Amino acid sequence: MELNFMSCALAICTFLIIGLCHPLVIKTEYYFGTRPWWIWLVCGIAAIVGALFIHNDFVSTLLAVFGASLLWGIGELFSQKKRVEKGWFPMNPKRKDQYDVIDPDESLCPMAKPKEKQK
């Protein structure tokens, strides 16, 4: 019986990629706001397209996971801004004018429609 350690290594690397993207989202939003979302988009698409041309399955899969994590990070970048507006994360004092005060019950999903305020 031969053991396949590559799948375990792939799982560990995937975990690390996702784990590294989380603080990257937080730092990006803190220092630059949501403006660099397009950089995440271009890099994510480039990584996924690059994965199509790499013959090594392990490296190709890691590059695709990295690209998908960057694309997922775009939504997280906008959700992070809402988390800051809710007071869950620190606000960059140099960019106070870029934040709105929002209802703590508002959804973090960037695609969610705002609730109608009752009179």
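At 1.5 Å a residue, the 28 residues of α1 should span 40 Å, and the end C-alpha atoms of α1 are 40 Å apart, which agrees. The expected span of a helix is 1.5 Å times one less than its number of residues. This is a predicted model, in which local features need pLDDT of at least 70, side-chain atom pairs count only at pLDDT 80 or more, and totals for chains, interfaces and linings use all residues. Residues are numbered from 1 along each chain as its sequence is written, and side-chain values use heavy atoms, with hydrogens and water left out.

Start with the overall layout. The protein has 3 helices and 0 strands. Along the sequence the pattern reads α-α-α. Helices (H or I, at least four residues) and strands (E, at least two) are DSSP runs, numbered from the N terminus. Of the 119 residues, 29% count as buried. Buried means under 20% relative accessible area, exposed means over 50%, and partly exposed lies in between (1.4 Å probe, protein chains only). The accessible surface comes to about 8,800 Å². Carbon and sulfur atoms hold 68% of that surface. Accessible areas come from the Shrake-Rupley method with a 1.4 Å probe; for residues, only the protein chains shown count as cover.

Now look at contacts, meaning heavy atoms within 4.5 Å. Take those in the protein with a separation of 6 or more: residues 24 or more positions apart account for 61% of them.

Next, follow α1 from its start. There, a side-chain oxygen of Asn 4 reaches to within 3.1 Å of the backbone nitrogen of Met 6. Further along, Thr 14, Ile 17, Cys 21, Val 25, Thr 28 and Glu 29 are buried. An α-helix has 3.6 residues a turn, so residues three or four places apart point the same way. The buried residues of α1 pack against α2 (37–52) and α3. Just after α1, Gly 33 takes a positive phi of about 75°.

Ile 74 shows one set of links: leaving aside its neighbours within four places in sequence, it is in contact with Trp 37, Trp 40 and Leu 41.

Move to the loop between α1 and α2, where Thr 34 is found. Thr 34 is buried, with a relative accessible area of 17%. Beyond its neighbours within four places in sequence, Thr 34 is in contact with Leu 77, Phe 78 and Lys 81. The C-alpha atoms of Thr 34 and Gln 80 are separated by 8.9 Å, though 46 residues apart along the chain.

The segment after α3 comes next. Asn 92 is found there. At 6% relative accessibility, Asn 92 counts as buried. The side chain of Asn 92 reaches the backbone oxygen of Tyr 30 at 2.6 Å. This is a polar contact: a pair of N or O atoms within 3.5 Å, where, within protein, one must be able to donate a hydrogen and the other to accept it, and residues adjacent in sequence count only if both atoms are side-chain atoms. Leaving aside neighbours within four places in sequence, Asn 92 is in contact with Tyr 30, Tyr 31 and Tyr 99.

The structure holds 1 aromatic pair. The rings of Tyr 30 and Tyr 31 have their centres 5.0 Å apart and their planes at 85°, so the pair is edge-to-face. Rings of Phe, Tyr and Trp (its six-membered ring) pair if their centres lie within 6.5 Å; planes under 30 degrees apart count as stacked, over 60 as edge-to-face and the rest as tilted. Tyr 30 is partly exposed, with a relative accessible area of 25%.
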